[in-house]
Amino acid sequence: MIITRTPFRITLGGGGTDLPAYYSRHGGFIFAAGLDKYMFVCLNTPIVDDLIRVKYSESEIVAEVEQVRHTLARQALMHFGIRSGVEIISMADVPAGTGLGSSSCYLVGLLNGLHTLCRRPASRQTLAEEACHIELDVLNKPIGKQDQYMAAFGGLTVLEIDRQGRVEACQAGLEPDVVEDLESNILLFYTGLSRSTEEILSSQIRRLAAEEAQVTDNLHRIQEIGREILSQLRRGNTRRFGELLDEHWRAKKRLGDDVAGGRINELYELARANGAVGGKISGAGGGGFFLFYAEEGKKQLRAAMEAAGLREMRFRFDL
């Protein structure tokens, strides 16, 4: 049996600039962190038959790969030319639809396991690019390249994306005391709301294709803020990181009403009134996890979020 473990991630800066509709014109920038919360994928080869078994929130048993309903599992198997005789079981620390990159975690973990099964070792760069190819080129998902690379690389990682879609990944190079401060002062709260990332991003992509200035200009600003966040953290200025998160939040809200409407905006303002210097919603927005930066007011913030029905998820970085 082969078991892979792939980290979920939070975005610290530049989210949204990894969309092809944006980076193909302007280049993209992502600064993100892998978490000690994981997707586990188990692979096994059946002894008594040649059936394909795929177990996730559902359970499939089919005779041929084309019959697999799980799109990522089906395309990964076809990518390797595996047509029968395999069992795939997945489990995760975090539910799907929460903005932490679960789909790409599943795919990268599965590809890693299949490479091992076929005795074809692959680099992290190769795993990320294969996952990007399947999700963006084969399945035509309206997503970016952040999740696949963060699932493959983990850590505190910077992604530079050129206009041709080539990605250069490198470690952020933060001092250990800065990393400790971030782990102590970043708080994650689950809103209990799940949403379709693809629906939100599809709207942004259509508006980018139409060259709507509001979306493009705000993504320019988000990239600028992301680069400044990295610069400030390299200098050890974690307080400024929290302040920049608030600036990022205001730019992200202008990307569309489905990003931070209704209860999401109310929760953000509640957090700001109870000790949060700044924060952001995970992934494309609309639900999932809230990330807040707080220093002296963490106890008050935790109490306010708990009273509002949110549950905190304690974490450390996957370094």
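Guide: In this predicted model, R119 is found in the loop between α3 and α4. Its phi is near 55°, a positive value in a residue other than glycine.

Visitor: Is R119 buried or exposed?

Guide: The cut-off for exposed is over 50% relative accessible area. R119 has 75% relative accessibility and therefore counts as exposed.

Visitor: Which loop holds N140, and what is its phi?

Guide: N140 lies in the loop between α4 and α5. Phi of N140 is likewise near 55°, a positive value in a residue other than glycine. Because its relative accessibility is 57%, N140 counts as exposed.

Visitor: Where does L255 lie, and does it count as buried or exposed?

Guide: L255 is in the loop between α9 (238-253) and α10 (257-260). Buried means under 20% relative accessible area. L255 has 4% relative accessibility, so it counts as buried.

Visitor: How many residues along the chain separate L255 from Q214, and what is the separation of their C-alpha atoms?

Guide: L255 and Q214 are 41 residues apart along the chain, and 7.2 Å separates their C-alpha atoms.

Visitor: How should I read the packing of two helices?

Guide: Two packed helices are described by the angle between their axes and by the distance between those axes. In this model, α3 and α5 pack at an angle of about 50°, and their axes are 8 Å apart. The two helices are therefore oblique to each other. The crossing in which α3 passes α5 is right-handed.

Visitor: At what angle do the axes of α9 and α11 cross?

Guide: The axes of α9 and helix α11 (residues 263-272) cross at roughly 165° and come within 13 Å. Angles over 145 degrees count as roughly antiparallel, so α9 is roughly antiparallel to α11. Their crossing is left-handed.

Visitor: How is empty space in a model found?

Guide: Rolling a probe the size of a water molecule over the atoms shows where empty space is left. One example here is the second largest pocket, with a volume of about 290 Å³. It is lined by 18 residues, and the closest to its centre are R5, P7, R124, A151 and A152.

Visitor: Which elements each supply at least two residues of that lining?

Guide: They are β1 (2-13), α3 (102-117), α4 (124-138) and α5 (146-153). By class, the lining of the second largest pocket has 9 nonpolar, 6 polar and 3 charged residues.

Visitor: How many cavities of 30 Å³ or more does the model contain?

Guide: The count comes to 1 cavity of 30 Å³ or more. About 40 Å³ of space lies in the largest cavity.

Visitor: Which residues line the largest cavity, and which elements give two or more of them?

Guide: The lining consists of I10, T11, L188, K280, I281, S282, F289, F290 and L291. Two or more residues come from each of β1, β9 (276-281) and β10 (289-294). The most comes from β10, which gives 3 residues.

Visitor: How do the lining residues of the largest cavity divide by class?

Guide: They divide into 6 nonpolar, 2 polar and 1 charged.

Conventions
Residues numbered from 1 in each chain as written. Predicted model: local features only at pLDDT ≥ 70, side-chain atom pairs only at ≥ 80, totals over all residues. Heavy atoms only, no water. Helix = DSSP H or I, 4+ residues; strand = E, 2+ residues; numbered from the N terminus. Buried < 20%, exposed > 50% of the residue type's maximum accessible area, 1.4 Å probe, protein only. 1 Å grid on protein atoms, 1.4 Å probe; cavity = no way out; pocket = protein on both sides within 12 Å on 5 of 7 lines; lining within 4 Å. Points joined across faces, edges and corners; volume = space filled by probe spheres on them. Nonpolar A, V, L, I, M, F, W, Y, C, P; charged D, E, K, R; others polar. Axes fitted to C-alpha atoms, helices over the stretch in contact; angles between N-to-C directions. Parallel < 35°, antiparallel > 145°, perpendicular 65-115°, else oblique. Left-handed = near helix turned anticlockwise from the far one by under 90°.
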